[in-house]
Amino acid sequence: MAEFHILYAPGDGIGSEIVTQGRRVLDAIGERFGHTFTAEHAVIGAEAVEEHGIELTDEVIDRARAADAILLGACGIADGVPVKGRHPERAVLTLRQELQLWANLRPMKVIDHLIDASPVKPEVLRGVDMLVLRELTGGTYFGEPRGPYEVDGQPAARDTMVYSEPEVRRVVTRAFELAAGRHQSVTSVDKANVLESSALWRRVAEEVAAGFPDIKFESILVDAFSMRLVQTPRDFDVVVTGNLFGDILSDEMAVLAASLGVLPSASLGDGRAGLYEPIHGAANDIAGRDIANPIATILSAALMLRHSFELETEARTVEDAVDAVLARGIRTPDIQEDGSHRVGTAGMGDAIIAEITTH
Ligand code: IPM
Ligand code: MG
């Protein structure tokens, strides 16, 4: 019996539909296992801009700090399009940085029942079980200087990829700790042949690796890795990389998993509190139609149970329920196949909750 305080922040687009299902699943787990999950709601993203003129208010940041965990949907109304001069996506970035959630875990285990829904060959996919650990509060996303300036009197814009040794050391160390509880292998991805920040990253990663002699270690260049990821994905266990490379590679990983709609993520810092969100975006084009896949959000809720609340059995119960529902051929449109049974966002939530409550 335990009590945990959750902040629900649906954001934009399909956010409210998928977070609603995530919350229902957590409530079903609470009921079955006798835990109390108290809930609060936060307005972030485009709706916050409309209401408060800013995508993330200080009040929400304070409430996020006070919560045991946050379940977030997604922010943004279209790729990089501003609302009243503000960028809704920045709500997510600011939250990650304000809460110092520097470790972003993006696990990807190929689900057998979805193997045929991926464009990659089944023999390449079978047995893939990897975890991308993306550095989340540094690198190109936050480096200074950034913004518009001038080159030869012409308008230009710049970003800065910067990593300090402590930033690299803590995330690579976390990668080794995670690998110790998994398949004993760490791959560090960089662009050390060209970028100074990557040369530093590689040197620090090698130093950290020396302290974990029992764990297999390899550094790979990001271009080569992006190829190996679709050729021989079974080679990888924990993959640690910087913020920008991790963003790009995790979408490629979603192709292996059959859909962006099934991949969860956990963002953690030094403590147990965390931010949990699907790796996909707000998908405004399909919002409000009850067709978005809630599985990525529901699996993010499972990660919350595991990493923030240390409720491993409960986390597995959610993951097993998702697996069982997919095994029965129940599918949202993004993962539909011949002969599968099509459901909507809420229908998928219903099916998963039925598994949780009846088994
Ligand atoms: C992700 C997303 C975000 C990111 C966007 C929405 C800001 O693509 O979590 O992968 O780039 O980090
Ligand atoms: Mg992304």
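Q: What makes up domain 1 and domain 2 of this chain?
A: Domain 1 takes in 1-101 + 260-359, and domain 2 covers 119-257; those bounds come from an automatic or database domain assignment. You're looking at a predicted model, where local features need pLDDT of at least 70 and side-chain atom pairs count only at pLDDT 80 or more, while totals for chains, interfaces and linings use all residues. Residues are numbered from 1 along each chain as its sequence is written, chains are lettered from A and ligands numbered from 1 in the order they're written, and side-chain values use heavy atoms, leaving out hydrogens and water.

Q: How far apart are the C-alpha centres of domain 1 and domain 2?
A: They sit 24 Å apart. Each domain puts 13 residues into the contact (heavy atoms within 4.5 Å).

Q: How much area is buried between domain 1 and domain 2?
A: About 1,100 Å², with 58% from carbon and sulfur atoms. That's the accessible area (1.4 Å probe) the two parts lose on being put together, summed over both. On the domain 1 side, R96, Q97 and L263 lose the most, together 32% of what that side buries.

Q: Why is ligand 1 said to lie between the domains?
A: Because both domain 1 and domain 2 give residues to its shell. Among the residues around it are L93, Y141 and I279.

Q: What makes the R96 side chain a polar contact of ligand 1?
A: The cut-off is a pair of N or O atoms within 3.5 Å. An N or O atom of the R96 side chain is 2.7 Å from a ligand oxygen, so R96 qualifies. R134, at 2.9 Å from a ligand oxygen, and D247, at 2.8 Å, are also inside the limit.

Key:
A residue is near a molecule or strand if one of its heavy atoms lies within 4 Å of it. A polar contact is a pair of N or O atoms within 3.5 Å; within protein, one must be able to donate a hydrogen and the other to accept it, and residues adjacent in sequence count only if both atoms are side-chain atoms.
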